[in-house]
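Hi everyone, thanks for coming. Let me bring the structure up on the screen, and then we can walk through a few places in it together.

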Amino acid sequence: MTVPNLLPPESIHQIVDEAGGVVGAIVIDSTILGPAAGGCRLWYYATEAEMITDAKRLARGMSYKNAMAGLPFGGGKAVLNKPLGNFDRHALYARLGDTIETLGGQYVTAEDVGSTLADMAVVKTRTRYVSGLEAKANLAGGDPSVMTALGVYESMKLVAETHFGLPLNGATVAVQGTGNVGTNLCRYLRAAGAKLVIADVDTARVAALGAELGARVVGVEEILSVEADILAPCALGAILNSVTIPRLSVKFVCGAANNQLAIESDGEALLARGIVYVPDYVVNAGGIINATAEYLGESDALVRQRVDQIPARVCDIIARAKAQNEPTSRIADAMAQSIILQRSNKLLA
Ligand code: NAI
């Protein structure tokens, strides 16, 4: 995702261990639409500055994602610096919980890359401002990747039909990454009659899925250049860049991975190649829709309703981008900013 700097984040909070060392940070980007919601990333950072830079970028992304999903939440993110070697995981997430508690509900956390349901259970022992826990009957909750995959699948189907006259039945879809989201997405696609080409660095996992679904398995270096109708990035960020974009051989890109564009101008490069890019943070909102509904104690039916609204939103962005001959990424960012600004003006009025 491209994240232009309109305003600085509202606040930045260090997470400090018992010995006084900085082990993480929470960035509250915006609370204009509601409490800042966004998961906690556990990752290796060389310096505190690098960690804060990543948290700021991710928190801004959450402000845009939540705004576009129509959620009553602003954007924020927690990051924890993953120690090399063994570390006391329980103590680390307990400190995160303590720090969140001091913010009095301004920031609500959940899982992100590196964090698990068990970690969130530890956070829950220190604060109630946490989501991504066990699901309860008829209520939202549990593994968010199911709803993320559903939103991606439904959007892909509508974009293919509306903008390309292409039914998914018989279409070829290349899926990069067959983890939680990628696997669910592949199952939806196979049920719809799509032909699948899949790749993952986890060769055992991708082979098993290939056998289950009759998908063609290719190497990870090949997946971004295979001839297909659609590319679904479901692994890492920054995979649409100056090296990969010239090699793409698809009509459009629609996947769950966060931050797919390496830099803002990659949106223009895709437009110049005539490849439609479905903005990642709009199409992959199913996970945060699920997590925030869980936090509010809402029903799983409401989650489904909100996820069902994603495809029309995606098609609206593509239509506006076509009309203005602008990258879809820029249109989405402008729409998100406008939602936040309108609310801000209302609050000030
Ligand atoms: P995951 O960790 O379950 O799956 C990622 C998969 O990508 C793994 O199987 C991994 O082996 C594979 N992978 C890593 N490097 C690769 C490479 N170079 N080539 C091919 N495969 C590679 O993660 P999950 O939950 O499926 O998420 C996938 C993406 O979607 C991530 O970028 C995540 O941030 C994003 N996302 C996930 C949401 C969710 O609800 N889980 C919500 C919104 C975004």
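Which residues line the largest cavity? They are A37, G38, V108, T109, A110, S131, I288, A291 and T292. Before going on, a word on the source: this is a predicted model, where local features need pLDDT of at least 70 and side-chain atom pairs count only at pLDDT 80 or more, while totals for chains, interfaces and linings use all residues. Residues are numbered from 1 along each chain as its sequence is written, and side-chain values use heavy atoms, with hydrogens and water left out.

Back to our cavity. By cavity I mean a set of points on a 1 Å grid over the protein atoms alone where a 1.4 Å probe fits but cannot get out, and lining residues have an atom within 4 Å of a point. Helix α9 (residues 286-296) gives the largest share of the lining, 3 residues; helices here are DSSP runs of H or I, at least four residues, numbered from the N terminus. The lining has 5 nonpolar residues, 4 polar and no charged, with Ala, Val, Leu, Ile, Met, Phe, Trp, Tyr, Cys and Pro counted as nonpolar, Asp, Glu, Lys and Arg as charged, and the others, Gly among them, as polar.

Now to V307, in helix α10 (residues 300-308). Is V307 buried or exposed? V307 is buried, because its relative accessible area is 0%; buried means under 20% and exposed over 50%, with partly exposed in between, using a 1.4 Å probe and protein chains only. Leaving aside neighbours within four places in sequence, V307 is in contact (heavy atoms within 4.5 Å) with M147, L150, G151, E154, G286 and I289. V307 and L71 are 236 residues apart in sequence and 11 Å apart in space, C-alpha to C-alpha.

Last stop: H163, in helix α4 (residues 145-164). What does the side chain of H163 make a polar contact with? The partner is the side chain of K322, at 3.2 Å. A polar contact is a pair of N or O atoms within 3.5 Å; within protein, one must be able to donate a hydrogen and the other to accept it, and residues adjacent in sequence count only if both atoms are side-chain atoms. Beyond neighbours within four places in sequence, the contacts of H163 include C315 and I318.

Notes. Helices (H or I, at least four residues) and strands (E, at least two) are DSSP runs, numbered from the N terminus. On a 1 Å grid over the protein atoms alone, a cavity is a set of points where a 1.4 Å probe fits but cannot get out, and a pocket is an open set with protein on both sides within 12 Å along at least five of seven lines; lining residues have an atom within 4 Å of a point.
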